[in-house]
Amino acid sequence: MVRTTPAGSAAVDRAGQASDFSGLAMLIQEAGLMRRRYGYYWAKLILVPVLLAGAIVLFVVLGDTWWQMFTAVGFGILFTQIAFLGHDAAHRQIFLSGRWNDWISLLLGDLFVGMSYGWWRHKHTRHHANPNKVGTDPDLELPVISFTPEQAGRRRNPVTAWLIAHQGLFFFPVLTLEGLSLHASSVARVLKREQVDRRWVEILLLSVRLGGFVALVFIILSPGVAAAFLAVQLAVFGVYMGASFAPNHKGMPLVPRTARLDFLRRQVLMSRNIRGSRVIDTLMGGLNYQVEHHLFPSMPRPHLRRAAPIVKAYCRERDIPYTETGLFQSYGVVLRYIDRVGLGERDPFDCPLIAQRRAI
């Protein structure tokens, strides 16, 4: 926790806080954790089309059978893992060249997953700049779940009041629609009359992925089986994506619109790490090291595990709360948090620095 000081030394405190991140960045650089991992990423980039081609061949060979529901689960998992790799490229983790990273993100996101890279980058950049900041972080704005007391209050009527009060119960079922929402938002973004880089490239790639995949499904499967296949695939994709991103910030402190925090504290205090083995690292695509990822977005995924103890020790020395928990514990925190918001509690989780300043 940041210690309070007399008003006359406020400028010194701000300078000290600003230098805190510089000191950490120096430690990370000296440990070699920002260097590229070309072998790791080239192996994954080669594996992606091989696995996808194998999944398509298996799908075609199985033919029109209800056993394809297992194939649908496999596709949902595979698309999520590819999305994690696209996330790495979008954060410049793979190549030094921004152009190379952009094109890999376009191919992985638009062509393989069916998500617009331009739409995701526009949204995700704002999230990284101000995680959990009310009115600024787009990840706090979802159409069916209220993450702030203000959202819960403005959505109330006799029906929605009951639904919002029990929204923790519906959180994971709602995630089954997240995959469809991601595809729809991507298409809407590239068709809007606003600036979109490489618009026609994205339209072409999204058309091939979304139109081609649906066409293949209905060519191979009878209509009923095809509809069920797509429903299962989208549900698995949505739940997997949502369950990987939800523990990162949900249930962590909310930051008022007017609050000003230095970079280190803004990222550490609002992020949550998930403890676990390398299996968790793989399943969550490195997102379980959310604190380190937010501090060093371009750090290659394999280095996050090594960076975590350095960041944790550095924060401990400066009394900066560093949050980590188990995966299922994190889901409990998230569900309790959104239930408390739905029940109308004001400021269910408050930023410790903001609370401290109010007490001065």
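User: Where is Asn288 found?
Analyst: Asn288 is in the loop between helix H13 (278-283) and helix H14 (290-295); helices are DSSP runs of H or I with at least four residues, strands are E runs of at least two, and both are numbered from the N terminus. This is a predicted model, where local features need pLDDT of at least 70 and side-chain atom pairs pLDDT 80 or more, while totals for chains, interfaces and linings use all residues. Residues are numbered from 1 along each chain as its sequence is written, and side-chain values use heavy atoms, without hydrogens and water.

User: Is Asn288 buried or exposed?
Analyst: Asn288 is buried, at a relative accessible area of 0%. Buried means under 20%, exposed over 50% and partly exposed in between, with a 1.4 Å probe and protein chains only.

User: What does the side chain of Asn288 make a polar contact with?
Analyst: Its partner is the side chain of Asp281, at 2.7 Å. A polar contact is a pair of N or O atoms within 3.5 Å; within protein, one must be able to donate a hydrogen and the other to accept it, and residues adjacent in sequence count only if both atoms are side-chain atoms.

User: And which residues does Asn288 touch?
Analyst: Leaving out residues up to four places away in sequence, Asn288 touches Arg272, Asn273, Ile274, Ile280 and Asp281. Contact here means heavy atoms within 4.5 Å.

User: Switching topic: what volume does the largest pocket have?
Analyst: About 1,000 Å³. On a 1 Å grid over the protein atoms alone, a pocket is an open set of points with protein on both sides within 12 Å along at least five of seven lines, a cavity is a set where a 1.4 Å probe fits but cannot get out, and lining residues have an atom within 4 Å of a point. Points are joined across faces, edges and corners, and the volume is the space filled by probe spheres set on them.

User: Which residues lie nearest the centre of that pocket?
Analyst: Trp119, Lys123, Asp139, Glu178 and Leu182, out of 43 lining residues. H5 gives the most to this lining, with 8 residues.

User: How many cavities are there of 30 Å³ or more?
Analyst: The count is 1, and the largest cavity holds about 40 Å³ of space.

User: What lines that cavity?
Analyst: Leu106, Tyr117, Gly118, Arg121, Asp197, Arg198 and Glu202 do. Helix H5 (residues 117-129) is again the top contributor, here with 3 residues.
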